[in-house]
Amino acid sequence: MILEIKNIIKYFNGFCALMNVGLEVEENTLHAIIGPNGAGKTTLFNLISGMYDVSEGQIAFRKKPINELRPHQRAELGIARTFQIVRLFGHMNVLENVMLGSHCKTKTGLLRTLFRISLRELKEEKTTRENAMRWLEFVGIAQKANQIAVNLPHAEQRLVEIARALSQDPDLLLFDEPAAGMNPKETVDLESLIVKINQMGKTVLLIEHNMELVMEISHVISVLNFGAKIAEGKPSEIQQNPAVIEAYLGRKR
Amino acid sequence: MIFQQIINGLMLGATYSLVAIGYTLIFGVLGILHFAHGEVLMAGAFMGLYIITWSGLPLYIALPLAMLATGILGVLIDLLAIRPLRKDFHLAPLLSTIGVTIILQNLAVKLFGGFGTRFPDAIGTTNYQVGSFFISSVNVLILGISLSLMVGLYFIIAKTKIGKGMRAVSENHMVAGLLGVNVDWIVLITFGIASALAGAAGVMIGLAFHAISPFIGLTFALKGLVVMLLGGLGNVAGAMIGGLILGLAEVLSIVLLPTEINLQDIFSFGIMILILIFKPTGLFGTRIRQG
Amino acid sequence: MDYLTSVVTIAGINIIMALSFYLPFMTGQISLGQAGFMSIGAYASAVCTVKFGIPYVPAVLIGGICSAMVGFVLGLPALRIKGIYLLLLTLGFGEIVRVVFINIDYIGGAAGFPGIPYQEHTLLYAYGMVLILIVFFNRLRKSRMGRACQAVGTDEDAAEVLGVNIIAVKLTAFSTGAFIAGIGGGIFAHYQEYIEPLMFDVMHAVELIVFTIFGGIQIFWGPIFGAFVLTLVPEFLRIIQEWRMELYGALLVLMMIVRPQGIISLDSVWSIEYAVRRLFRIKTTGVLSPSRTEGK
């Protein structure tokens with residue numbers, strides 16, 4: 001079990017966003033999290049990646065509790081994420097954005113940058129760049145490497161974000177609504193990309209509203225509503241689950 | 001003796017509240033912290049001073065005039081330094097208002113000199129006796145005016161169409177616009193009201209301290225921002241209460257601490273640091289827009 | 001000729017100061033305290049040369065280190081504070097330093113610190129430091145830490161999730177900015193031969209913001225350009241001198257309306273870089289300057 005979440009409660013100034021949510025993510029699976037808007041899915045991601053602190057509960061990564069770790073330490077452990085609204089670093093170009101992913105795996109600090117003591121720094125920079133290019137080719141936009149990130153069309157920006165996450169060399173990837181704003185063709189390409197990533201041995205946690213995509217590729221689906229988990233299981237089970245249907249469509253009158 | 005200080009503290013606090021309300025209104029409606037608001041107060045103080053000395057008009061005419069003039073200044077600042085800004089650079093309003101601050105403060109030093117200027121006694125000082133305590137007419141006036149202004153503001157926000165527009169815009173800029181609220185107009189009016197309040201505060205500070213200088217802008221800017229922090233950004237009621245709290249705290253600190261240490265200004269400063277580090281949402285919670 | 005030398009020397013010192021502002025600025029920290037750090041460096045180095053007979057270069061370095069240490073201490077609470085509140089914090093810091101120095105008689109108090117040994121060829125030392133800083137910023141721009149700084153300045157939270165230790169980055173940038181300001185102060189002190197607390201007041205700190213915003217915020221050449229031009233031009237137009245601060249204020253507002261990225265933008269630098277490279281037929285060695293004709 002790569003990620004274990006136990007009894008998570010999260011309050012925001014009196015408003016309860018997550019109530020007693022638990023999650024077990026098995027390694028190498030493609031695990032989807034679905035639920036109506038406001039269910040708490042992104043909040044959950046923010047708790048896992050460390051952007052928020054839990055009000056109560058434990059999060060463990062590879063059996064190691066990570067509640068006290070800052071986000072950058074979690075990245076070093078192997079957790080990477082993309083955001084609901086793409087958060088690239090606007091004025092840098094695509095390649096530089098992706099090279100930032102390697103930050104947690106490289107070591108050149110300020111002094112070595114200045115004083116170039118050995119060739120190691122140059123070598124590391126070269127490796128970082130090659131690594132970044134490789135991931136850009138993997139997601140299919142290597143030809144845009146030199147463009148300013150914020151000038152790319154939305155779907156391509158999303159791909160850059162994914163490449164950036166991949167260059168962290170993570171074991172667990174959190175994708176927050178990656179298909180949002182994509183047209184059908186782009187969505188299909190994204191689908192195969194995510195599957196490819198999962199097949200490389202990476203665990204994928206996916207928040208998505210696109211039900212076709214979710215049902216097609218997930219191994220496990222967890223359903224959240226109003227801050228609580230209401231169902232969990234294989235796609236076929238979830239499709240039949242009355243609680244899930246009610247959550248999305250309302251109760252049958 | 002303590003009672004006297006409490007009254008002074010409330011009086012001081014009332015002026016802080018007026019400044020802070022202005023900040024909070026602008027923050028609520030525009031999402032920016034108007035760095036030059038303190039200079040607007042300073043300008044209002046000087047305008048009041050000159051209106052009184054040149055025209056000899058009584059206070060109850062001079063004050064509204066000063067408020068009007070300051071309100072116009074605020075509107076000008078909005079039109080010239082805020083509205084034309086591009087929306088994509090999030091630091092632009094801050095930097096622009098820093099620019100306005102520099103202009104106003106240096107102009108003031110050129111016009112009025114770098115030292116304090118005496119503020120005329122626009123009202124005779126009489127002391128009223130309440131039980132075994134004395135309240136001066138200055139205290140009464142300032143507290144009275146501040147209170148009326150705050151009540152008036154509450155009335156505007158809660159009961160008028162303009163107030164409704166202000167509330168709508170501070171909830172959600174874009175949606176308010178889509179629903180037909182003229183956002184630019186509302187922002188303009190908000191600037192006018194906020195600046196007028198600051199002008200009133202400036203005049204009353206002149207009355208209370210008998211002197212003003214071009215540098216009070218920054219001091220009150222700091223105090224106003226601290227009060228906003230205390231009360232929560234965007235929270236008008238919080239600004240009112242927070243101002244009174246700060247005024248009381250400052251005055252009482254002078255009373256309670258040894259006189260060599262002039263901690264007044266560093267006091268508010270220290271409070272700001274403590275709040276920012278430990279409770280950035282303020283004592284009464286934030287009410288900023290999402291997004 | 002002498003007049004020109006003196007103006008250019010002051011411009012050099014201003015470039016150092018503008019760059020001392022720019023480094024924390026890159027990580028999203030707008031500091032009004034650089035004048036305060038400059039004064040710490042000025043006084044510390046002056047004390048070294050005058051009271052302890054320490055030679056120029058080590059004295060100036062010590063000044064820088066003192067500023068850096070204070071910068072570290074101030075940088076800690078600054079980590080949590082953003083935007084206008086950081087501005088106020090650093091403003092307050094500058095004022096506190098000024099008031100403290102007014103009250104220390106050992107260094108002259110309000111009357112100032114006279115008798116600082118004049119350093120021959122300060123011009124060379126100033127521009128030597130500028131050169132070092134150019135190399136520093138240039139190497140930074142194309143390095144791991146440089147990318148990290150920019151990321152922190154653009155979107156702190158996203159950077160942290162990516163693995164950047166934003167606390168370390170911001171604190172280092174802030175302290176190093178203080179160090180650079182301290183060096184500037186030391187060079188300044190040994191050029192003016194006399195320093196007093198009033199020379200390091202708020203308006204001087206604000207000037208640095210104007211230099212950077214005017215010059216350009218996207219790349220370190222901006223502050224260099226801004227400091228140089230805005231120091232030289234007022235010297236040659238007396239009318240401007242008298243209204244200098246008001247014009248700076250108006251410039252800030254104008255730049256925000258018309259060209260928020262400043263005069264020197266990334267585009268300008270790339271165009272120049274590209275032209276130079278074409279001129280000398282230098283092959284691209286993997287330098288990351290996106291050019292419209294180079295595809296991949």
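Author: In this predicted model, strand β3 of chain A, residues 30–34, has 5 of its 5 residues buried, so β3(A) is largely enclosed by the rest of the structure. Buried here means that 20 or more other C-beta atoms lie within 10 Å of the residue's own.

The pairing of β3(A) involves two strands of chain A. One is β8(A), residues 203–207, which pairs with β3(A) in the parallel sense over 4 bridges. The other is β9(A), residues 220–225, which also runs parallel to β3(A) and is joined to it by 4 bridges. A32(A) takes part in both pairings: its bridge partner in β8(A) is L206(A), and in β9(A) it stands opposite I221(A).

The chain-to-chain contact is that of chains B and C, where 22 residues of chain C are in contact with 25 residues of chain B. On the chain C side, the elements that give two or more residues are α4 (83–102), α9 (202–215) and α12 (244–258). The largest share of that side comes from α12(C), with 9 residues. By class, the side of chain C that touches chain B has 17 nonpolar, 3 polar and 2 charged residues.

Key: Residues are numbered from 1 along each chain as its sequence is written. Chains are lettered from A and ligands numbered from 1 in the order in which they are written. This is a predicted model: local features need pLDDT of at least 70, side-chain atom pairs count only at pLDDT 80 or more; totals for chains, interfaces and linings use all residues. A residue is buried if 20 or more other C-beta atoms lie within 10 Å of its own, exposed if 12 or fewer, and partly exposed in between; C-beta atoms are placed from the backbone. Two strands pair if DSSP finds at least two bridges between them. Two residues are in contact if their C-beta atoms, placed from the backbone, lie within 7 Å. Ala, Val, Leu, Ile, Met, Phe, Trp, Tyr, Cys and Pro count as nonpolar, Asp, Glu, Lys and Arg as charged, and the others, Gly among them, as polar.
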